[in-house]
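My entries follow in the order in which I made them.

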Amino acid sequence: MENYPQSFSINMQPYGRNGGATAANPTATSFGQATSFGQMEPTPVSTPPPKDFVLWSFFNAIYCNPFCLGFLALVFSIKARDRTVAKDPMAASSYGRTARSLNIAAFCLGIVGTIILLVLVILYRPVRP
């Protein structure tokens, strides 16, 4: 497993006035625990999970599905969510980016196709005398 740098926080409480911490009495922040020597112990900072775009993929699979791109985006979105649950953020991020790209392509092709269809219907409708 790769070694990632451990994150830590620095106590940014003001010293001296207004009830702030003094050098002899450090306070703990929400990011770590104060030790007996006044040093802060690093605590792991959780990163937000990668986006999976499931709702957008579901919308595209139902309403804008040219060349089955909406369905493929839904498949990649579900794979991204599965990898997020399995604690594999790199694969989840990759699947999420693929789902986003497929969603953009499906949405754009769906809009262009709808506009072309409307133009053809308006241009070639029967003329009543």
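**Entry 1: salt bridges around Arg-83.** I looked up Arg-83 and found that it forms a salt bridge with Asp-82, in which the closest N and O atoms are 3.9 Å apart; the term stands for a side-chain nitrogen of Lys or Arg within 4 Å of a carboxyl oxygen of Asp or Glu. Arg-83 also forms a salt bridge with Asp-88, with 3.7 Å between the closest N and O atoms. I then checked accessibility, where buried means under 20% relative accessible area, exposed means over 50%, and partly exposed lies in between (1.4 Å probe, protein chains only). Arg-83 is partly exposed at 27%, Asp-82 is partly exposed at 44%, and Asp-88 is partly exposed at 28%.

**Entry 2: where the numbers come from.** I reminded myself that this is a predicted model, in which local features need pLDDT of at least 70 and side-chain atom pairs count only at pLDDT 80 or more, while totals for chains, interfaces and linings use all residues. Residues are numbered from 1 along each chain as its sequence is written, and side-chain values use heavy atoms, with hydrogens and water left out.

**Entry 3: the remaining pair.** How many salt bridges does the structure hold? I noted three, and one of them joins the side chains of Arg-81 and Asp-52 at 2.6 Å, N to O. This pair links distant parts of the chain, 29 residues apart, with Arg-81 in helix H2 and Asp-52 in the loop between strand E2 (40-41) and H1; helices (H or I, at least four residues) and strands (E, at least two) are DSSP runs, numbered from the N terminus. Arg-81 is partly exposed at 44%, whereas Asp-52 is buried at 12%.

**Entry 4: helix H2.** I looked up H2, which covers residues 69-85, has 17 residues and reaches 24 Å from its first C-alpha to its last, close to the 24 Å expected at 1.5 Å a residue (the expected span is 1.5 Å times one less than the number of residues). Which residues of H2 are buried? I listed Leu-69, Gly-70, Ala-73, Leu-74, Ser-77 and Ala-80. Seen down the axis of H2, these buried residues fall within an arc of 140 degrees, so they line one face of the helix; the arc is that of the directions from the helix axis to the C-beta atoms. What covers them includes helix H1 (54-62) and helix H3 (89-123).

**Entry 5: Ser-57 in H1.** I turned to Ser-57, which is found in helix H1 and counts as buried at 0% relative accessibility. Its side chain makes a polar contact with the side chain of Ser-77 at 2.6 Å (a pair of N or O atoms within 3.5 Å; within protein, one must be able to donate a hydrogen and the other to accept it, and residues adjacent in sequence count only if both atoms are side-chain atoms). Not counting residues up to four places away in sequence, Ser-57 touches Gly-70, Ala-73, Leu-74, Ser-77 and Asn-103, where contact means heavy atoms within 4.5 Å.

**Entry 6: positive phi.** Most residues other than glycine have a negative phi. I noted that Cys-68, in the loop between H1 and H2, has a positive phi near 60 degrees.
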